[in-house]
Amino acid sequence: VQLQASGGGLVQAGGSLRLSCAASLRTFSRYAMGWFRQAPGKERDFVAAISWSTGRTYYADSVKGRFTISRDNAKNTVYLQMSSLKPEDTAVYYCAAGGQASYSSSTYDYWGQGTLVTVSS
């Protein structure tokens, strides 16, 4: 199983980026997908998740209203659209797949390698 995250880069504060995560999961549509991030010297934090059954989405308070998670089951891909980016959004962003959408990283079974997002002030 592979999760390949992409789309990171350097962006100015207030800008936008879209992250993608392509999964080699045979039954991708049956997996909840999540995004987490880890800033230098900090723990990995929950960002957003989307359920497999209802498409319900969940967000960390810090990104609510600025980030949008979505999925395309036909392409086995989950996206994270990030807008109004702030310097504190700078981190390595990881995608993950699991049985249910959760704020907890321990509930996810598969992880991507991460993509770096740097927001300059």
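Which residues does Ser-102 touch, not counting residues up to four places away in sequence? In this predicted model, the residues in contact with Ser-102 are Phe-36, Phe-46, Ala-49, Thr-107 and Tyr-108. Ser-102 itself belongs to the loop between S9 and S10. Its relative accessible area is 13%, and because buried means under 20%, Ser-102 counts as buried. The side chain of Ser-102 also has a polar atom placed 2.9 Å from the backbone nitrogen of Ser-104.

From this loop one may turn to strand S9, which comprises residues 91–98. Of the eight residues of S9, seven are buried, so the strand is largely enclosed by the rest of the structure. S9 is paired with S4, a strand formed by residues 32–38; the two are antiparallel and are joined over seven bridges. Within this pairing, Tyr-94 of S9 is the residue opposite Phe-36, and Phe-36 was named above among the contacts of Ser-102.

Strand S11, made of residues 115–120, pairs with S9 over three bridges in the antiparallel sense. Here Val-117 in S11 is the bridge partner of Ala-91. Strand S10, residues 108–111, is likewise antiparallel to S9, again over three bridges. In that pairing, Tyr-110 of S10 stands opposite Ala-97.

The next topic is the charged side chains. Side chains of opposite charge can pair when their charged atoms come close. The structure holds three salt bridges. In one of them, the side chains of Arg-37 and Asp-89 meet at 2.9 Å, N to O. Arg-37 is part of S4, whereas Asp-89 sits in the loop between S8 and S9, so this pair ties together parts that are 52 residues apart in sequence. Both Arg-37 and Asp-89 are buried.

Asp-89 also meets the side chain of Arg-66 in a salt bridge, with an N to O distance of 2.8 Å. This pair, too, links distant parts of the chain: Arg-66 lies in the loop between strand S6 (57–59) and S7, 23 residues apart from Asp-89. Arg-66 has a relative accessibility of 11% and counts as buried, while the relative accessible area of Asp-89 is 1%, which also makes it buried. Through shared partners, the salt bridges join Arg-37, Arg-66 and Asp-89 into one network.

Lys-64 and Asp-61 form another salt bridge, their side chains meeting at 3.1 Å, N to O. Is Asp-61 buried or exposed? With a relative accessible area of 67%, Asp-61 is exposed.

Note on methods: Residues are numbered from 1 along each chain as its sequence is written. This is a predicted model: local features need pLDDT of at least 70, side-chain atom pairs count only at pLDDT 80 or more; totals for chains, interfaces and linings use all residues. Side-chain values use heavy atoms; hydrogens and water are left out. A salt bridge is a side-chain nitrogen of Lys or Arg within 4 Å of a carboxyl oxygen of Asp or Glu. Helices (H or I, at least four residues) and strands (E, at least two) are DSSP runs, numbered from the N terminus. Buried means under 20% relative accessible area, exposed over 50%, partly exposed in between (1.4 Å probe, protein chains only). Two strands pair if DSSP finds at least two bridges between them. A polar contact is a pair of N or O atoms within 3.5 Å; within protein, one must be able to donate a hydrogen and the other to accept it, and residues adjacent in sequence count only if both atoms are side-chain atoms. Contact means heavy atoms within 4.5 Å.
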